[in-house]
Amino acid sequence: MAWKTNDEESLQSSDELKRQKKIKMAIYITIFVVFQIIVITTMSLTVMKVKTPKFRLGGNINVQSFESVPATPSFDIKFTTQIRIKNSANWGSYKFNAANVTFQYQGGTVGVMDMAKGKVGWLSTIKRNVEVSLSSSAITGSNLGSELSSGVLTLNSVGRLNGKVAIMFIMKKKKATNMNCTIAFDVAAKTLKSLECK
């Protein structure tokens with residue numbers, strides 16, 4: 001009879017051990033699932049979120065030549081600058097198609113600059129050095145003469161880049177970014193007065 005009691009106790013204790021192991025396993029699985037949910041949520045809120053890259057003119061505009069005649073009225077300007085494409089908010093590269101940047105005076109085109117297609121790495125910015133030639137020969141019926149006489153010539157640069165942000169080589173999302181910059185030249189000094197991009 002003593003053996004029966006011991007057998008029953010050992011069966012009960014082995015059943016109890018199995019039950020405790022199952023409970024432990026269920027706890028570990030639950031902790032793992034919760035951890036995975038936290039990781040996936042964090043990834044989707046930070047890494048997988050795609051933001052629009054920025055497309056701007058660089059801060060330095062070096063005027064090479066600036067000729068203006070308020071009486072005619074006309075101007076011819078040549079300068080060098082940088083085009084900056086900033087992808088510092090995305091965890092994936094941004095591949096963009098060829099595009100152009102149009103320089104305008106009161107809506108009339110005074111110059112166009114072509115830009116080749118390219119790629120910006122993740123969390124980075126590329127800078128392309130460009131030469132720009134502008135001429136007012138195509139502008140008619142504006143107050144260009146009075147603006148040149150006032151000493152400040154204001155131009156706009158507009159452009160649009162179309163491309164895709166590739167995240168972790170799996171997901172690609174189309175993103176288009178616009179350039180809209182206002183450039184003010186000091187006519188007397190023949191230099192850049194201000195540059196503001198939105």
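# Pocket, core and disulfide: a friendly tour

User: Happy to start with the largest pocket! Which strands each supply at least two residues of its lining?

Analyst: Please keep in mind that this is a predicted model. At least two residues of the largest pocket's lining come from each of two strands, namely strand S4 (92–96) and strand S9 (152–167). The names you want are therefore S4 and S9.

User: What is the volume of the largest pocket, and which residues are the closest to its centre?

Analyst: The volume of the largest pocket comes to about 320 Å³. Its lining is made up of 16 residues. Of these, the closest to the centre are Ser93, Lys95, Lys119, Lys164 and Ala166.

User: Let's go inside. How many residues does the largest nonpolar core have, and which have the most contacts inside it?

Analyst: In soluble globular proteins, nonpolar side chains tend to be buried together. Here the largest nonpolar core has 37 residues. Those with the most contacts inside this core are Phe103 and Leu153.

User: Which phenylalanines does Leu153 touch, leaving out residues up to four places away in sequence?

Analyst: With those sequence neighbours left out, the residues touched by Leu153 include Ile77, Tyr105, Leu144, Glu147, Leu148, Ile183, Ala184 and Val187.

User: How many aromatic pairs does the structure hold, and which residues do ring pairs link into a cluster?

Analyst: The structure holds five aromatic pairs. Ring pairs also build a cluster, and its members are Phe66, Phe79, Phe103 and Phe185.

User: Now the cysteines. Which residues form a disulfide, and how far apart are their sulfur atoms?

Analyst: The count comes to one disulfide. Cys181 in strand S10 (residues 171–186) and Cys197 in strand S11 (residues 191–197) are 16 residues apart, so the pair links distant parts of the chain. The disulfide is formed by Cys181 and Cys197, with a sulfur separation of 2.0 Å.

User: Is that disulfide right-handed or left-handed?

Analyst: The answer rests on the torsion about the S-S bond of Cys181 and Cys197, which is about 105°. The disulfide is therefore right-handed.

User: Is Gln64 buried or exposed, and which residues is Gln64 in contact with beyond four places in sequence?

Analyst: Gln64 sits in strand S2 (residues 62–69), and with 52% relative accessibility it counts as exposed. The C-alpha atoms of Gln64 and Lys78 are separated by 5.4 Å, although these residues are 14 residues apart along the chain. Leaving aside neighbours within four places, the contacts of Gln64 are Lys78, Phe79 and Thr80.

User: Where is there a cis peptide bond, and what is its omega?

Analyst: Most residues other than glycine have a negative phi, and most peptide bonds are trans. Pro73 lies in the loop between S2 and strand S3 (74–86). The cis bond joins Thr72 and Pro73, and omega is about -25°.

User: What is phi of Leu123, and what is phi of Lys190?

Analyst: Leu123 is in the loop between strand S7 (118–120) and strand S8 (125–135), while Lys190 is in the loop between S10 and S11. Leu123 counts as partly exposed because its relative accessibility is 37%, and Lys190 is partly exposed at 42%. Neither is a glycine, yet phi is positive: near 55° for Leu123 and, for Lys190, about 55°.

Note on methods
Residues numbered from 1 in each chain as written. Predicted model: local features only at pLDDT ≥ 70, side-chain atom pairs only at ≥ 80, totals over all residues. Heavy atoms only, no water. Phe/Tyr/Trp six-rings, centres within 6.5 Å; stacked < 30°, edge-to-face > 60°. Core = buried A, V, L, I, M, F, W, Y, C linked by side-chain atoms within 4.5 Å. Buried < 20%, exposed > 50% of the residue type's maximum accessible area, 1.4 Å probe, protein only. Contact = heavy atoms within 4.5 Å. Disulfide = S-S within 2.5 Å. Helix = DSSP H or I, 4+ residues; strand = E, 2+ residues; numbered from the N terminus. 1 Å grid on protein atoms, 1.4 Å probe; cavity = no way out; pocket = protein on both sides within 12 Å on 5 of 7 lines; lining within 4 Å. Points joined across faces, edges and corners; volume = space filled by probe spheres on them.
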